Amino acid sequence: MSKNPTKTKPQATTDNLQPATDNRQPTTDNFQVSTVMIWAIALFVTAVFLWILSDIVWHGVGQINWEFLTTAPKNAGREGGIGPILVSTVLILGVCMTVSIPIGVGTAILLAEFTDTKSIFGRLVRRSLDVLAGVPSIVFGLFGNAFFCKTLGLGFSILSGGLTLACMVLPILIRSTEEGFRAVSDDYRLSATALGLSRTTTLWNLLLPAAAPGLVVGLVLGIGRAIAETAALIFTSGYVDRMPESLLDSGRSLSIHIFDLSMNVTGGNANAYASALVLLVLLLLINGTAAWMAEYWLHRRVESVCKQSAISNQQSAF
């Protein structure tokens, strides 16, 4: 029998050895590019905002004085001030917030604390709120005109405008407040249950202060949308620029006044710029006050809970 020839293994040479290629991209370069893009976008948005703000201040600050803020418009708004319009705006916003805050916070508590996220009712309500948040304001205006003005017989009034704005604000307020409640750690709930606290005490003293940032976010977004609304109020609150005597009187908001001066009144640009500046200042004041009140309330509630805990610990020690 013939022997099988021995097979020689190929020797590894330096020519056959090739360095392994790394296809992974360096993460440092990607991070730097992303950082530069984020800063560029932020600077662009800030520059646009400052440009708009400076333009409004430049053209409007010269018209603002005490007489402008307290007197009624004259000559179709070319002369005079915005006293009645400012009062109507505050009343419309007051009606809107008075109606929307209790309903919005109550609905958010129901969805976050008493409704399962997978339940049909909860999913249906959340989907409906998301759809309503994207509905154009003109649709809310037509609804308010048909329901509040005609069906309920409120007519073109401040009350109709405020209720219509409340319908617009509610989806944003409910969803933001609900997310604020869901962001609260479950340790609060478990600790309250272990201490034997009632559901009402837990909600009022623990969960609501902890969810205050979400409530403030929804409130600020709602106020921002309500105070600058034009289309919905044209169909509900009306166009009258006289001083309202009650909530059932028609009243012109600042946004409608700005629209009318800039689009329908020749020579009204100066007062339109001044009215826009007043609207911006009013919005900043309301948002700042809401944020301060929420922070103050949060600190007061936390101090109250700490004092109650200290008292209970002292009693248990004795």
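A residue is called buried here when its relative accessible area is under 20%, exposed when that area is over 50%, and partly exposed in between. The legends below describe close-up views of a predicted model.

**View 1. Ser253, a buried residue in the loop between helix 10 and helix 11**. Ser253 has a relative accessible area of 3%, and because this is under the limit of 20%, the residue counts as buried. The loop that holds Ser253 runs between helix 10, made of residues 231–234, and helix 11, made of residues 254–263. Leaving out residues up to four places away in sequence, Ser253 touches Ile85, Thr89, Ile92, Glu229 and Leu233. The C-alpha atom of Ser253 is separated by 9.7 Å from that of Ile82, although these two residues are 171 residues apart along the chain. The side chain of Ser253 also makes a polar contact, at 3.1 Å, with the side chain of Ser255.

**View 2. The salt bridge between Arg126 and Glu178**. The model holds seven salt bridges by the rule used here, and one of them joins the side chains of Arg126 and Glu178, with a distance of 2.6 Å from N to O. Arg126 belongs to helix 4, which covers residues 120–133, and Glu178 to helix 6, which covers residues 158–182, so this pair ties together parts that are 52 residues apart in sequence. Both partners fall in the buried class: Arg126 has a relative accessibility of 11%, and Glu178 has a relative accessibility of 0%.

**View 3. The salt bridge between Arg175 and Asp130**. In this pair the closest N and O atoms are 3.1 Å apart, and the link again runs between distant parts of the chain, with Arg175 in helix 6 and Asp130 in helix 4, 45 residues apart. Arg175, at 21% relative accessibility, counts as partly exposed, and Asp130, with a relative accessible area of 41%, is also partly exposed. Salt bridges that share partners join Arg126, Asp130, Arg175, Glu178 and Arg182 into one network, and the pairs shown in this view and the previous one, Arg175 with Asp130 and Arg126 with Glu178, involve members of that network.

View 4. Asp186 and Arg189 form a salt bridge in which the closest N and O atoms are 3.1 Å apart. Both residues lie in helix 7, made of residues 186–195, and they are three residues apart, which is about one turn of the helix. Arg189 has a relative accessible area of 19%, and because this is under 20%, the residue counts as buried. A polar atom of the Arg189 side chain lies 3.0 Å from the backbone oxygen of Phe181, and a polar atom of the side chain also lies 3.4 Å from the backbone oxygen of Ser185. Apart from its neighbours within four places in sequence, Arg189 is in contact with Glu113, Phe181, Val184 and Leu207.

**View 5. An aromatic cluster of Phe143, Phe147 and Phe148**. The structure holds three aromatic pairs. The rings of Phe143 and Phe148 have centres 5.9 Å apart and planes at 80 degrees, and because planes over 60 degrees apart count as edge-to-face, the pair belongs to that class. The rings of Phe147 and Phe148 have centres 5.1 Å apart and planes at 75 degrees, so this pair is edge-to-face as well. Phe148, at 8% relative accessibility, counts as buried, whereas Phe143, with a relative accessible area of 41%, is partly exposed, and Phe147, at 34%, is also partly exposed.

**View 6. Spans annotated as "transmembrane region" in UniProt**. The annotation comes from an unreviewed UniProt entry and covers residues 36–61, 81–111, 131–148, 154–174, 206–228 and 272–294. Over residues 154–174 the model is 81% helix and 0% strand, and the end C-alpha atoms of this span lie 26 Å apart. Over residues 206–228 the chain is 91% helix and 0% strand, with the end C-alpha atoms 34 Å apart.

Conventions
Residues are numbered from 1 along each chain as its sequence is written. This is a predicted model: local features need pLDDT of at least 70, side-chain atom pairs count only at pLDDT 80 or more; totals for chains, interfaces and linings use all residues. Side-chain values use heavy atoms; hydrogens and water are left out. Rings of Phe, Tyr and Trp (its six-membered ring) pair if their centres lie within 6.5 Å; planes under 30 degrees apart count as stacked, over 60 as edge-to-face and the rest as tilted. Buried means under 20% relative accessible area, exposed over 50%, partly exposed in between (1.4 Å probe, protein chains only). UniProt positions are given in the numbering used here, feature names are shortened, and annotations may be inferred rather than shown by experiment. Helices (H or I, at least four residues) and strands (E, at least two) are DSSP runs, numbered from the N terminus. Contact means heavy atoms within 4.5 Å. A polar contact is a pair of N or O atoms within 3.5 Å; within protein, one must be able to donate a hydrogen and the other to accept it, and residues adjacent in sequence count only if both atoms are side-chain atoms. A salt bridge is a side-chain nitrogen of Lys or Arg within 4 Å of a carboxyl oxygen of Asp or Glu.
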